[in-house]
Amino acid sequence: LFKPRDIVSGDFYWVTAKDNKTIVVAADCTGHGVPGAFMSMLGVSLLNEITSSSEKYTAADILNELRENIKKTLSQTGKKDEAKDGMDLALCIIDNSNGKAQYAGAYNPLLLVKNGEMIVFKADKMPIGIHIANEKPFTNHDFLVEKGDIIYMFSDGYADQFGGPEN
């Protein structure tokens with residue numbers, strides 16, 4: 001479900017295929033409207049660049065490289081008054097040849113429904129971008145997917161929208 005409040009959005013989803021693997025991202029960028037859309041365009045562009053230039057990678061590797069590229073592109077150094085723009089996202093890689101999958105998340109979890117049971121893979125509590133705490137590498141979670149499994153990834157964009165009769 002993707003229903004941005006404005007014509008452009010700070011949330012995005014992104015999918016690519018490479019080496020018989022499918023990579024899927026659901027992301028929530030800082031900002032709404034044009035500022036959020038700028039971050040979305042930057043995120044999509046960097047994901048395209050990272051995945052096309054790497055031969056071997058994990059979900060966590062992609063998030064680590066994305067974080068470094070965002071910080072570099074936005075000249076983020078951690079100074080007190082600078083912008084803290086970035087994104088929260090969930091990234092999943094599915095190997096279509098063997099059913100192995102991996103997930104890494106920046107604040108956003110991944111939900112796997114297997115045989116009617118929901119398994120929650122928790123995200124690391126740090127964004128893609130500058131963070132006030134000591135940055136650690138993102139955690140890579142490995143799991144198997146089988147026919148009938150359902151994977152959910154999402155942002156909080158839809159739930160956080162304001163407007164309507166009750167604002």
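The structure holds 2 aromatic pairs. Rings of Phe, Tyr and Trp (its six-membered ring) pair if their centres lie within 6.5 Å; planes under 30 degrees apart count as stacked, over 60 as edge-to-face and the rest as tilted. Y103 sits in strand 4 and F121 in strand 6 (residues 117-121), so the pair ties together parts that are 18 residues apart in sequence. Y103, F121 and F143 form one aromatic cluster.

This is a predicted model: local features need pLDDT of at least 70, side-chain atom pairs count only at pLDDT 80 or more, and totals for chains, interfaces and linings use all residues. Residues are numbered from 1 along each chain as its sequence is written, and side-chain values use heavy atoms, with hydrogens and water left out.

Buried means under 20% relative accessible area, exposed over 50%, partly exposed in between (1.4 Å probe, protein chains only). The areas come from the Shrake-Rupley method.

| Residue | Relative accessible area | Class |
|---|---|---|
| Y103 | 0% | buried |
| S40 | 7% | buried |
| F121 | 12% | buried |
| V8 | 36% | partly exposed |

S40 belongs to helix 1 (residues 33-53). Helices (H or I, at least four residues) and strands (E, at least two) are DSSP runs, numbered from the N terminus. Beyond its neighbours within four places in sequence, S40 is in contact with S9, G10, D11, F12 and C29. Contact means heavy atoms within 4.5 Å.

Helix 2 (residues 59-73) has 15 residues. From first C-alpha to last, helix 2 reaches 21 Å, close to the 21 Å expected at 1.5 Å a residue. The expected span is 1.5 Å times one less than the number of residues. Its buried residues are A59, A60, I62, L63, N64, L66, R67, N69, I70 and K71. What do the buried residues of helix 2 pack against? They pack against strand 2 (21-29), helix 1, strand 3 (86-95), strand 4 (100-106) and strand 7 (128-129). Just after helix 2, S75 takes a positive phi of about 55 degrees.

V8 lies in the segment before strand 1 (11-18). I7, V8 and V34 make a nonpolar surface patch of about 340 Å². Patch residues have over 30% relative accessible area and no salt bridge; nonpolar side chains (Val, Leu, Ile, Met, Phe, Trp, Tyr) are joined within 5 Å, like charges within 9 Å. A salt bridge is a side-chain nitrogen of Lys or Arg within 4 Å of a carboxyl oxygen of Asp or Glu.

Notes: Areas by Shrake-Rupley, 256 points an atom, 1.4 Å probe, with all protein chains shown as cover.
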